[in-house]
Amino acid sequence: MDRGWIPYCGAAPLPGDWLASWNGDPLLLLGLALVAYLAWRRDAAPAFWAGMALLVLLFVSPLCALSSALFSVRVAHHVILTAVAAPLLLWGLPRLVVSGSAALWAAGHILLFWVWHAPAPYAAALSNDLIFWTMQLSLLASAMTFWGALRRASALIAILLLLAMMVQMGLLGALITFAGAPLYAPHAISTLAWGLTPLEDQQLAGLIMWAPAAALYLAAALWRGWHMLAPRAAAAR
């Protein structure tokens, strides 16, 4: 791998040693410990601790290092961060209120997701730790505001926004999947040790966005719709 591409999670590991590639960054560990302490003082719900466990998985475990090698793993990393960890953290903090238009928060999150998965901003994030954390924290924060705004939105608005999120995720995934050439310079060489060409890795990343990631938002829309219809069905009995 070109030594110009050494992201925050470290140089791309080889298949034989990636499971030993834990991230022991003291600033990261201190930050996670501080957030956990503050949440414990405020009696955070179990969902919050599940979200914290996912943050440890994403940024401390060897998964962090693997995302340096494979763009597909980085995409899975971002999907877990924004569509699983973010709502869990938010649901674990029921007193956290997000005001403002849910549609605007959704638009902001979509914009950030597309920007950070464009080739140039993505490459910048993998070459500079400050830009890397700007990417991660902006994705997490915008996702939390999106999910938080849904909590106050009407059921119909929430369902429409979740479906919009599903569609845009599928569209971005399709664009990445059907690109005719590798787009992400940091993974021009790092995928080969894993038996994937850069284009194959990129196509796998697009498929992750297109199917499993989009399915998460569809599941959330169906869940919200079921809760909207359940009281009506009970009242009709």
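Is Ser 67 buried or exposed? In this predicted model, Ser 67 is buried, with a relative accessible area of 0%.

## Ser 67 and its surroundings

Ser 67 belongs to helix α3, which runs over residues 62–69. Setting aside residues up to four places away in sequence, Ser 67 touches Cys 9, Val 73, Arg 74, Tyr 122 and His 187. One of these partners, Cys 9, takes part in a disulfide, which is described next.

## The disulfide

The structure holds one disulfide. The bond joins Cys 9 and Cys 64, whose sulfur atoms lie 1.8 Å apart, and with -70° about the S-S bond the link is left-handed. The pair ties together distant parts of the chain, since Cys 9 lies in the segment before α1 (26–41) and Cys 64 in helix α3, 55 residues apart.

Both cysteines fall under the 20% cut-off for burial: Cys 9 counts as buried at 11% relative accessibility, and Cys 64 is buried with a relative accessible area of 1%.

## Val 98 in the loop between α4 and α5

Val 98 is found in the loop between α4 (71–91) and α5 (102–116), and at 10% relative accessibility this residue counts as buried. Apart from neighbours within four places in sequence, Val 98 is in contact with Trp 105, Met 144, Thr 145, Gly 148, Ala 149 and Arg 152. The C-alpha atom of Val 98 is separated by 8.4 Å from that of Phe 146, although the two residues are 48 residues apart along the chain.

## The two largest pockets

The largest pocket has a volume of about 350 Å³. Its lining comprises 18 residues, of which Leu 32, Val 35, Leu 55, Leu 137 and Leu 140 are the closest to the centre, and the elements that give two or more residues to this lining are α1, α2 (46–59), α4 and α7 (129–152). By class, the lining of the largest pocket has 15 nonpolar, two polar and one charged residues.

The second largest pocket contains about 310 Å³ of space. Among the 15 residues that line the second largest pocket, Pro 87, Trp 91, Trp 147, Ala 220 and Trp 223 are the closest to its centre, while α4, α7, α8 (155–177) and α9 (198–235) each supply at least two residues of the lining. That lining divides into 13 nonpolar, no polar and two charged residues.

Technical notes:
Residues numbered from 1 in each chain as written. Predicted model: local features only at pLDDT ≥ 70, side-chain atom pairs only at ≥ 80, totals over all residues. Heavy atoms only, no water. Helix = DSSP H or I, 4+ residues; strand = E, 2+ residues; numbered from the N terminus. Buried < 20%, exposed > 50% of the residue type's maximum accessible area, 1.4 Å probe, protein only. Contact = heavy atoms within 4.5 Å. Disulfide = S-S within 2.5 Å. 1 Å grid on protein atoms, 1.4 Å probe; cavity = no way out; pocket = protein on both sides within 12 Å on 5 of 7 lines; lining within 4 Å. Points joined across faces, edges and corners; volume = space filled by probe spheres on them. Nonpolar A, V, L, I, M, F, W, Y, C, P; charged D, E, K, R; others polar.
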